[in-house]
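Here is a short briefing for someone meeting this structure for the first time. Please look over the sequence and the model, then read on.

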Amino acid sequence: MNGTTALSPWLPTAPCTPGHCAAHPETVHRAGAAAAGAVRASVRLTAGLLTVLLGVLLAPASGLLPAATRLALVRHWMRAVVRAFGVRVRYEGAPDATGPLLVVANHVSWLDIPLIAAVLPGRMVAKAEVRRWPVLGTLAALGGTLFIDRDGLRALPGTVRAMTAVLAGGGRVIVFPEGSTWCGRVVGRFRPAAFQAALDAGCAVQPVRIDYRPTDAAAYVGDDPLAASLWRVVTTRRPTAVVRMPEPLPGLRHPDRRALAAAAERAVAQRAVASDSANLPSLSVHQRSRSRSASASSSRTPA
């Protein structure tokens, strides 16, 4: 599930790498984690994995429940997963919990998925490789994830049609339109393809901004193994996630998918201007990369 993939000229890329953008367990340990901290981290990791596994085991039975009951269980389960890993969460804004909605968010970590599903559960759009991931792949498939072949550009229209069908049927679709994980200091460009589904279905778009404190603790970028990311989260003292949900964007008020994507990108980026400025290092890989095309790719995006 990890490793660098060959770059394609049309695939989204990000300049974020573990060395530049993510604190590693050794750094956290030097900052003060001792034996007691290691025990606490082990308890968090075990609790988090067991909570995920419990959901996987109960997922088939939940399919027999009414849709409203099933979605409520998903929300409670996702919140339990985040809490089990020791992450504190603050939600800001009141999203529309009824009716069709295309949910679009910046993409920082594997934690983004349970954080959004805890308040706005829906059909995720993920790259096809996720289906082969241990445990998480099974979980994604059981959750009705719409898998996309990122290397097959010709398959994209079919994915957009599938998204449109879900939205037209009154469902909710969740997409990370950056198409690649970034460390959270800035927002990558939102790719417009997914927004065509909102236009075709005549539904609104809900922008979501996710911030983590410390900023680099949850970042899951580049070639960073999942195990290292998990350990980094559970060894961080009081990791916090802030999920901001501004007003939805009426899709039909925009002339095309590019205009709608740009409006959603601005809505997400503007929500974090003040908080991000305090976290940017004096010499940031992102500051160097904004004026040129990114050359390093985050290989495990769920979008």
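The points below go from the whole chain to single residues.

This is a predicted model. The protein chain holds 12 helices and seven strands. Of its 303 residues, 51% are buried.

**The whole chain**

- The protein chain exposes about 13,800 Å². Carbon and sulfur atoms supply 60% of that area.
- Take the contacts between residues at least 6 apart in sequence: 83% of them join residues at least 24 apart.
- The count of salt bridges comes to five.

**A nonpolar patch on the surface**

- Five leucines form a nonpolar patch on the surface: Leu-50, Leu-53, Leu-54, Leu-57 and Leu-58.
- Together these leucines have about 500 Å² of accessible area.
- Leu-58 is part of helix H3, which covers residues 35-62.
- Leu-58 counts as exposed because its relative accessibility is 51%, and the cut-off for exposed is over 50%.

**Val-87, a buried loop residue**

- Val-87 sits in the loop between helix H4 (67-84) and strand E1 (88-92).
- Is Val-87 buried or exposed? Its relative accessible area is 6%, so Val-87 is buried; the cut-off for buried is under 20%.
- Leaving aside residues up to four places away in sequence, Val-87 touches Val-82, Leu-111, Val-233, Pro-239, Thr-240 and Ala-241.
- Tyr-212 is 125 residues from Val-87 in sequence. In space, the two are 9.5 Å apart, C-alpha to C-alpha.

**Salt bridges and their surroundings**

- Arg-90 and Glu-92 meet through their side chains in a salt bridge, at 3.0 Å from N to O.
- Arg-90 is partly exposed, at 42% relative accessibility. Glu-92 is also partly exposed, with a relative accessible area of 24%.
- A salt bridge links the side chains of Asp-211 and Arg-209, again with 3.0 Å from N to O.
- Asp-211 is buried, with a relative accessible area of 3%. Arg-209 is buried too, at 1%.
- Asp-224 forms a salt bridge with Arg-232. The closest N and O atoms of this pair are 2.5 Å apart.
- Which class do these two partners fall into? Asp-224 counts as buried at 2% relative accessibility, and Arg-232 counts as buried at 0%.
- Salt bridges that share partners join Arg-90, Glu-92, Arg-209, Asp-211 and Arg-244 into one network.

**Helix H9, mostly covered**

- Helix H9 runs over residues 226-235. How many of its 10 residues are buried? Seven are, and the helix is mostly covered.
- The buried residues of H9 are Leu-226, Ser-229, Leu-230, Arg-232, Val-233, Val-234 and Thr-235.
- Arg-232 is the salt-bridge partner of Asp-224. Val-233 is one of the residues that Val-87 touches.

**In brief**

- On the surface, the leucine patch includes Leu-58, a residue of helix H3.
- Under cover, Val-87 has a relative accessible area of 6%, and helix H9 has seven buried residues.
- Among the charged residues, Asp-211 and Arg-209 are paired and belong to the network that also includes Arg-244.

Note on methods. Residues are numbered from 1 along each chain as its sequence is written. This is a predicted model: local features need pLDDT of at least 70, side-chain atom pairs count only at pLDDT 80 or more; totals for chains, interfaces and linings use all residues. Side-chain values use heavy atoms; hydrogens and water are left out. Patches are made of residues with over 30% relative accessible area and no salt bridge: like charges are joined within 9 Å, nonpolar side chains (Val, Leu, Ile, Met, Phe, Trp, Tyr) within 5 Å. Accessible areas come from the Shrake-Rupley method with a 1.4 Å probe; for residues, only the protein chains shown count as cover. A salt bridge is a side-chain nitrogen of Lys or Arg within 4 Å of a carboxyl oxygen of Asp or Glu. Helices (H or I, at least four residues) and strands (E, at least two) are DSSP runs, numbered from the N terminus. Buried means under 20% relative accessible area, exposed over 50%, partly exposed in between (1.4 Å probe, protein chains only). Contact means heavy atoms within 4.5 Å.
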